[in-house]
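This report goes through one predicted model part by part. Look at the sequence and the structure first, then read on.

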Amino acid sequence: MTGPDSAREKTVRGDSSESQTALSVTVNGKEVRTLVADRLLLSDFLREHLGLTALKVACGEGACGACTIVIDGEPARSCTLLAVQTEGAEILTLEGLNAPEGLNHVQQIFQQQHALQCGYCTPGWLMTVYSMIQRSIHPDSPEVGQYLSGHLCRCTGYRNIWAAVRQALGAAKDEYPSRK
Amino acid sequence: MKPARFGYVRAETADHAVEVLGGADAAARILAGGQSLIPALSARTINASLLLDIMRCPGLDEVSQTPGEITIGAACRQSRIEKSSVVLQAIPLLPEALGWVAMPQVRSRGTVVGCLAQANAGGEVPVVSLALDAELNVLSRGGVRQRIPAREVYAVEAGTRLPSRSLIESASFRTLAAGEGWGFCEVQLRPGHFALVCCAATLELEESGRIRSARIALGGLTASPYRADRAEKSLAGENAGDVSRVRDAAQIASAERPWPARTDLHATGAFRAKAAVTAVVRALTEARERCSRQTGATHDRA
């Protein structure tokens, strides 16, 4: 885990009147112990403090899904949570799913199906797809639509994403690279 | 968007939360899943001086069943309750309605009791609480515990009527009676959006197929949800398969709203009133079909 950038640390933590709380979380398998401002959003903690910039912040109100990560095995928004709320939690971001080289299995499917264009929303989709694979959701289950309704894409359109997700769900569970 | 400054305390127990809340200023707030509160703080549409996180309080994450009711603690997340076998078996109406609350990525963090406390005009859970005669277990300062019927909590034009600076520790929902059918219908703009209107209904039938009792709760049409008492009474003794009677009851339910129909960017009050009629008809029809399956009584399909 990269340490917090000292310049950023100053802007976030420099003001002594800002109330702070100790935080201990596991992020992509590594334990992080730090002190954070109480009002710091989890999305900003992961991006600004830990340098995990795969997740994107767009709407900031939980509607668009670009900041989706996995917390304790379930997909969740990181922009509608405070970092301090995740005390003791296990957090997985897209960085934790990266293949050692090149694209992982699901990323390859997204590429083949042209399921992304600008790519801003893609990290969020990939985290939801990871959760769906972990839960062995059948590609024909109505749950697929429920999960995918949690993400917005403004350029590719949903048909290709839908096809990529179905293909990913049809694949064997152990084909999705796990961080372990 | 970034929230303005506030303090944050992880409450050790429910009593601790209420004590701190009682000693804080009026802008202190309880924090559960935060799926509505945090975005509101980020947008600065509301302000908080202090957030009291209750998610680690012992006991609040419990689901318990006693004869006739299921009690869900304030720290129980929606995604867990959706899949709880106890809940699915005793009050399947609740998991069905939870499937309409936002998206799975939000339900993984949001709580059932948080929905009751927040009382959003387009919220589903308060409507279910009315249909299932729920009672909220409310803790006030000094260890005072009260059971307050959801009907009283929502008997205000908007928001909730609860003791000031109190905490809803849990909510107790009446379990469905043997043979009691249930239905839920929601009209929304897109999946995950708040309800324009939604209806939760339950029906108990006599052997003859006549209605012994009906419960109809409507949300979204007005800022607070309500039980359609007159519509329920109009159905007593009627044949559950009588489509025109059901439709009449739905008209009554929409018209007997105690407050003005809600108009916002998404729909006019007139549209909501009309959609409410459809929602009630569909919820009652589903409820009747589930009664039929359970009791074996036969009637014509609508």
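## Domains of chain B

Domain bounds, as used here, come from an automatic or database domain assignment. For chain B this assignment gives domain 1 (7-53), domain 2 (63-174) and domain 3 (181-293). The model is predicted, so local features need pLDDT of at least 70 and side-chain atom pairs count only at pLDDT 80 or more, while totals for chains, interfaces and linings use all residues. Residues are numbered from 1 along each chain as its sequence is written, and chains are lettered from A and ligands numbered from 1 in the order in which they are written.

## Where domains 2 and 3 meet

Taken over C-alpha atoms, the centres of domain 2 of chain B and domain 3 of chain B are 20 Å apart. Two residues are in contact if their C-beta atoms, placed from the backbone, lie within 7 Å. Here 23 residues from domain 2 of chain B and 21 residues from domain 3 of chain B take part.

Helices (H or I, at least four residues) and strands (E, at least two) are DSSP runs, numbered from the N terminus. On the side of domain 2 of chain B that touches domain 3 of chain B, the elements giving two or more residues are helix H5 (93-98) and helix H8 (125-131) of chain B. H8(B) gives the most to this side, with 5 residues.

## The sheet

Two strands pair if DSSP finds at least two bridges between them. An open sheet of 3 strands in chain B has the order E1-E3-E2, with parallel pairing. E1 and strand E2 (28-31) of chain B are at the edges, each with a single partner strand, so one side of each has no neighbour in the sheet.

E2(B) and strand E3 (residues 50-53) of chain B run parallel and are joined by 4 bridges. B:Ala28 stands opposite B:Leu50 in E3(B).

## The nonpolar core

A nonpolar core is a set of buried Ala, Val, Leu, Ile, Met, Phe, Trp, Tyr and Cys residues joined through C-beta atoms within 7 Å. A residue is buried if 20 or more other C-beta atoms lie within 10 Å of its own, with C-beta atoms placed from the backbone. Of the 153 residues in the largest nonpolar core, B:Ile54, B:Cys199, B:Ala200, B:Ala201, B:Leu218 and B:Val280 touch the most other members. Helix H12 (residues 269-295) of chain B gives the most to this core, with 10 residues.

Neighbours within four places in sequence aside, the contacts of B:Cys199 include B:Cys185, B:Ile216, B:Leu218 and B:Val280.

Terms used. Buried ≥ 20, exposed ≤ 12 C-beta atoms within 10 Å, placed from the backbone.
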